[in-house]
Amino acid sequence: MKTVMLTYPQTLQSAELTTHPQVLAIGQFDGLHLGHASVILSAVRIARESGMKAAVMTFHPHPKEVMRKGDYEGYLTPLRDKEEILAGMGVDILYVVEFNESFSQLSPEQFVHELLLPLQTRTAVVGFDFRFGHKGAGDEQMLRTLGDGEMTVETVSPFLLGGEKVSSSLIRALLKRGEMDEASQWLGRPYSVRGTVIHGEKRGRTIGFPTANLELVDHYVTPAKGVYAVRVNVGDQELAGVMNLGVKPTFHENGMRPTYEVHLLDFDGQIYDQELKVELVHYIRNERKFDSIDALIAQIREDALTAARLLS
């Protein structure tokens, strides 16, 4: 998959930008959940049937982050994760449009005539609630009208699970409550984060449970504080683990910024400065303060056994 970074209007005027007739799925697609997948896979299918390129257009940074509106608290799928997932879905080209104050002022007409059509978009594929242009003035019906014979529009119906529409906002709420099984169902995969292993307080090794302290590489949504059963990609290996996400109240009276600490089961290697991908598979329990180190050690041992059982 080829990724093309677009800045309106400069990049579109560049002679270096080569385009092909294409089917283009358009959306923010934060989460790339089952609803988003239904839109993107529709575009891939239409492209294969018509012999065109399958493309996706997304926007970065998130519009809520730029406009400082809504309850934006991080990404479900930062750009790098989005690229990896889309490549696995058969997408040929990913257009990442820089979302800034200037771009937010584009009218629906400008969006179509100065962005979509110059990219040789022959079919636009969007969700049923798609909005575009300044203040979301355009909808899928206006998109169809503005295409005016040069571009057709396919609208994908909402994706329902248990009678409820799958959405990024509801997935965020599930994560905040630690409801990982439900979040995984809606995402179509476990929620994951990436982080670099940094030096921490090194307390875990002294109590028999060494941990990898992660510094996240992107601004991810922070799920519920607590203990998780996790799967961890370390290079080419996939390992089981148990992770504490929280402020370590047993050792810190006044709290601290939440940290991600992963204990890998059946592993004894050196991984400082390596990047790990951590899938949060199951929520085991909430974070709590222990009366003694011995009580903490006993609970960690039980958590490790629980994680091993859940992941087996």
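Let's start at Pro-9, which sits in the loop between β1 (2-6) and β2 (22-26); helices (H or I, at least four residues) and strands (E, at least two) are DSSP runs, numbered from the N terminus. The peptide bond from Tyr-8 to Pro-9 is cis, with omega near -5 degrees. This is a predicted model, where local features need pLDDT of at least 70, side-chain atom pairs count only at pLDDT 80 or more, and totals for chains, interfaces and linings use all residues. Residues are numbered from 1 along each chain as its sequence is written, and side-chain values use heavy atoms, leaving out hydrogens and water.

Now move along to Pro-61, in the loop between β3 and α2 (63-67). The bond joining His-60 to Pro-61 is cis too, with omega near -5 degrees. Most residues other than glycine have a negative phi, and most peptide bonds are trans.

Phi brings us to two further loops. Gln-120, between α5 (108-116) and β5 (121-127), has a positive phi of about 60 degrees although it is not a glycine. Lys-135, in the loop between β6 (131-132) and β7 (138-139), has a positive phi near 60 degrees. How accessible is Lys-135? Its relative accessibility is 77%, so Lys-135 counts as exposed, while Gln-120, with 24%, is partly exposed (buried means under 20% relative accessible area, exposed over 50%, partly exposed in between, using a 1.4 Å probe and protein chains only).
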